[in-house]
Amino acid sequence: MENRIFEEAHIGPLTLRNRTIRSAAFESMCPGHRPSQMLYDYHTSVARGGVGMTTVAYAAVTESGLSFDRQLVMNKSIVPELRNLTDGIHREGAAAGIQLGHCGNMSHKEICGCIPVGASTSYNLYSPTLVRGLRRDELPALAAKFGEAVNLARESGFDEVEIHCGHGYLIDQFLNPFFNKRTDEYGGTLENRMRFMTMCIEEVMKAARDDMAVVCKINMRDGRKNGTTPEQDSIPVARRLQELGVHAVVLSGGLVSATPLYVMRGEMPLQTMTHYMDKPWLKYSIRAAKPLVKKFMVPTVNYREAFFLEDALKFREALPDMKFIYVGGLVAGDKINEVLSHGFEAVQMARSLLNEPDFVNRLHTDPHHRCQCRHSNYCIGRMYTLEMACHQHLNEPLPADLQREIERIEHEQNPA
């Protein structure tokens, strides 16, 4: 098979040295909502490892959009620190991207400083908290925050912005009828449900002008039984983004508030997740109800390589002139080249580059190289309280119960 990994990729005004991108997987490395030395060290190591672009994960466009207390929020005060980060990435030869979004109902007053807002009034069991539906007169100002965040990203030295329109965050809460129960012009038909997204992306494209690449991440499916589908829901969304001038679309899926393992695949390591929690009441509540939590809140979705490819090819066929970026289950050079052979402009990876920050450089030496990630999801379980990290690279020994959980999950996700 032809090796396409090291061809240049073109996304709007941006040219990447190859077709690999570190996806915007949440690092949990921004205590106090500011960039840390750990964030700098991680992204520069990935850039040094050969990736075409590395994407700083989830930066809220305003305080109400924060879902974790270790997330960035875009404001003027952090621009010098972000500029230091992008300078470091550029010195290693990679482009720098940043994901911008608003979490909507996936927050809590303790984190975002207000009653969480969403497309509709509801109750979020995952936080848990009441959620206030946004008034229509609030929407233009909130959409404008996306444009302001793009300008801050440019000032900070980023080459690209990725607007999060998926995974059940705010823009997706308007798109998806599972969340959107509105009866005004922002609810009901898909055309109506796309209005808020359209408003946000118009602000983004205006701010991006002709010197910033703009990518949007969308859901192909939400992962629910009888939920959204490419044909009925998400291909029309991608078509609208193309009409709005977006340079590329990342094809993902799942809802962090209903089908989280559809996004990431595998099993949620609840023993690991609760081990690191700093709220005893939450830790012991989850452990006491572990069978119910596993069955109803975080059901396992078995991992397989390139798990989104079948659906992604439907978009490639339906919109032949649109640039798409593939994400989901890429850990080996052979499968990356297979995906690229279908005409995707680039591929995104996260766990491969957490497990091996120099994964792309290793593909130079061995085009068939496979990283050592075995999909225990330890990195995700830890991420909810501490920084994302691979258990294979910890300085401290793991407690025996966590080691047993990792070994069991890895065996189940990688049967001989």
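Does Phe 178 count as buried, partly exposed or exposed, and at what relative accessibility? In this predicted model, Phe 178 comes out as partly exposed, at 35% relative accessibility.

**Aromatic rings**
- A pair of aromatic rings is described by the distance of the centres and the angle of the planes.
- The count of aromatic pairs comes to 11.
- Take Phe 178 and Phe 179: the ring centres sit 5.0 Å apart with the planes at 75 degrees, so this pair is edge-to-face.
- Phe 179 counts as buried, because its relative accessibility is 12%, under the 20% cut-off.
- Elsewhere, Tyr 262, Tyr 303, Phe 307 and Phe 308 make up one aromatic cluster.

**Arg 70**
- You'll find Arg 70 in the loop that runs between strand S4 (53-60) and strand S5 (72-73).
- Arg 70 is buried but has no salt bridge; Glu 387 has the nearest side chain of opposite charge, at 4.1 Å, and the cut-off is 4 Å.
- A polar atom of the Arg 70 side chain does lie 2.8 Å from the backbone oxygen of Ser 28.
- Leaving aside residues up to four places away in sequence, Arg 70 touches several residues, among them Phe 26, Met 29, Cys 30, Thr 385 and Leu 386.

**A three-stranded sheet**
- Three strands form an open sheet in the order S7-S9-S8, and the pairing is mixed.
- S7 (117-118) and S8 (122-124) are the edge strands, each with a single partner, so one side of each has no neighbour in the sheet.
- S7 pairs with S9 (residues 129-133) in the parallel sense, over two bridges.
- Val 117 stands opposite Arg 132 of S9.

Note on methods. Residues are numbered from 1 along each chain as its sequence is written. This is a predicted model: local features need pLDDT of at least 70, side-chain atom pairs count only at pLDDT 80 or more; totals for chains, interfaces and linings use all residues. Side-chain values use heavy atoms; hydrogens and water are left out. Two strands pair if DSSP finds at least two bridges between them. Helices (H or I, at least four residues) and strands (E, at least two) are DSSP runs, numbered from the N terminus. Buried means under 20% relative accessible area, exposed over 50%, partly exposed in between (1.4 Å probe, protein chains only). Lys and Arg count as positive and Asp and Glu as negative; His and the chain ends are not counted. A polar contact is a pair of N or O atoms within 3.5 Å; within protein, one must be able to donate a hydrogen and the other to accept it, and residues adjacent in sequence count only if both atoms are side-chain atoms. Contact means heavy atoms within 4.5 Å. Rings of Phe, Tyr and Trp (its six-membered ring) pair if their centres lie within 6.5 Å; planes under 30 degrees apart count as stacked, over 60 as edge-to-face and the rest as tilted.
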